[in-house]
Amino acid sequence: SFFGLVSQGAEIDIVLDGQESRKTAELKLEDGRKERLPLYYDGETVSGKVNILVKKSGTKLEHQGIKIEFVGQIDLYFDRGNRHEFVSMVRELARPGILTQGVCYGFEFVNVEKPYESYSGANVRLRCYLRVTVVKRLSDLVKEQDICVHTLAQYPDLNSSIKMEVGIEDCLHIEFEYNKSKYHLKDVIVGKIFFLLVRIKIRHMEVQIIRRELAGSGPAALNESETLAKFEIMDGAPVRGESIPIRLFLSGYDLTPSMRDVNKKFSVKYYLNLVLVDEEERRYFKQQEVTLFRRAEKRRRPIANSYIEQAIFHHRTAQFGQQQQPTTRAQQQQPQATPPLTTPEDAAAAALSPGRHGDANNSAADSPELESGSTHVSPALPAARSAPGIKDVLGEDDDDNY
């Protein structure tokens, strides 16, 4: 949406290039409301137009210059007097003068460095925005347009599991294991809980996702924890030797990547909290930090028709021993020349000769018909896994299970 500012008869609009087709992302505002903003990534160019409209015809708008800024800023709610900018770029749009009618200025910030992801938490807010300023003698005309920034990360293949044994001496000993220590935001947490010793009456057990935000530094730092999700994994008393599986999908929760010492102002960490509650409402818990990151969306590669034809050729060759090369679609579409038949005897002989119409009739006679309402698989075509080369040609889906 376009934001307008009406002041002293002037209206300012910021229109981003490709705004209608650009992806958007939802971001929580300071008052708790959520707003969808145009989405940008690190190193991406930010460009567009600034429209300034003088509302009343015949009036003049005198200014001392017009500029646009791209700003990356961190706001600490408990220190609102200080705004910490980590990115600041300026483009001059117009020199001092007088506006008597609407004008349009183009702008472009090429390959803008956006090192941090947009974030809105309990005590801190990180935002990136465009700011247009019409400089005047008394009070400036200012218009701001927020954008949302996502940072992408790709962790190495080495992603060790988490395994730990905890408990209370002579009362409770459990061993828990998570399959990874780093998860992307649409990943699935897979693990298990193994009870080594149970001498207390446990009523139920759950896994929680906790976000811990540390804002500021030194004695004035604020530490805020928020439970984002609760997932019950057991109801009832376990026995010794019992194993409880865990399977938690992250895509259904409002999560952000883990952030560590962002511009030396704040950090965001995530924990998996294992909670056991006994019959007397006593709670036993163990927290384990995990790293969350945002990865790029994977696009499925289209499979070329020639690859499919080659796979079918390998399949038929393996079953029937045929060595004839597969024909392409272009060759199949070309009309086949029919050899001249001089006598009825020659026509009958050609109809029964191999490789001509007689083969088609014989194969049709040998193949069983499909009965109405039933499904039939020809015994001459076994499962596709027996055909060499099909797996290599089609490729495997390397997307994770969500």
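Ile189 stands opposite Leu248 in β20, where strands are DSSP runs of E of at least two residues and helices are runs of H or I of at least four residues, both numbered from the N terminus. The strands β17 and β20 pair in the antiparallel sense over 7 bridges, two strands being taken as paired if DSSP finds at least two bridges between them. The model is a predicted one, in which local features need pLDDT of at least 70 and side-chain atom pairs count only at pLDDT 80 or more, whereas totals for chains, interfaces and linings use all residues. Residues are numbered from 1 along each chain as its sequence is written, and side-chain values use heavy atoms, with hydrogens and water left out.

The pairing of β17 with β20 belongs to an open sheet of 4 strands, arranged in the order β14-β15-β17-β20 with antiparallel pairing. The edge strands of this sheet are β14 (162-168) and β20 (243-249), each of which pairs on one side only.

At the β14 side, 7 bridges join β14 to strand β15 (residues 172-178), and the two run antiparallel. Within this pairing, Met164 stands opposite Phe176 in β15, and the bridge partner of Glu165 in β15 is Glu175. The hairpin of β14 and β15 has 3 residues between the strands, and in this hairpin Asp170 takes a positive phi near 60 degrees. Strand β15 is in turn joined by 7 bridges to strand β17 (residues 188-198), again in an antiparallel arrangement, and Tyr178 stands opposite Gly191 in β17.

For the protein chain as a whole, the assignment gives 5 helices and 23 strands. Of its 402 residues, 35% count as buried, a class defined by a relative accessible area under 20%, with exposed meaning over 50% and partly exposed lying in between (1.4 Å probe, protein chains only). Among the contacts in the protein chain with a separation of 6 or more, 66% are accounted for by residues 24 or more positions apart, contact meaning heavy atoms within 4.5 Å.

A search of the whole structure finds 5 aromatic pairs. Rings of Phe, Tyr and Trp (its six-membered ring) pair if their centres lie within 6.5 Å, and planes under 30 degrees apart count as stacked, over 60 as edge-to-face and the rest as tilted. The rings of Phe86 and Tyr116 have centres 5.1 Å apart and planes at 70 degrees, so this pair is edge-to-face. The pair links distant parts of the chain, since Phe86 lies in strand β8 (residues 83-94) and Tyr116 in the loop between β10 (103-109) and β11 (119-120), 30 residues apart. Phe86 is buried, with a relative accessible area of 19%, whereas Tyr116 counts as partly exposed at 23% relative accessibility.

A stacked pair is formed by Tyr119 and Phe266, at 5.6 Å centre to centre and with 15 degrees between the planes. Tyr119 lies in strand β11 and Phe266 in strand β22 (residues 266-278), so the pair ties together parts that are 147 residues apart in sequence. Both Tyr119 and Phe266 are buried.

Ring pairs also link Phe70, Phe107 and Phe109 into a cluster. Phe107 lies in strand β10 and counts as buried at 6% relative accessibility. Not counting residues up to four places away in sequence, Phe107 touches several residues, among them Ile14, Leu16, Val46, Val50, Ile68, Leu93 and Leu130.

Two arginines are placed over tyrosine rings, a charge being taken to sit over a ring if NZ of Lys or CZ of Arg is within 6 Å of the ring centre and within 35 degrees of the ring normal. The charged end of Arg127 sits over the ring of Tyr129, 3.9 Å from its centre, and Arg212 lies over the face of Tyr271, at 4.5 Å from the ring centre.

A search of the whole structure finds 0 disulfides, a disulfide being a pair of cysteine sulfur atoms within 2.5 Å. The sulfur of Cys128 is 9.0 Å from the closest cysteine sulfur, in Cys148, which is too far for a bond. Cys128 is buried, with a relative accessible area of 1%, whereas Cys171 is partly exposed, with a relative accessible area of 28%.
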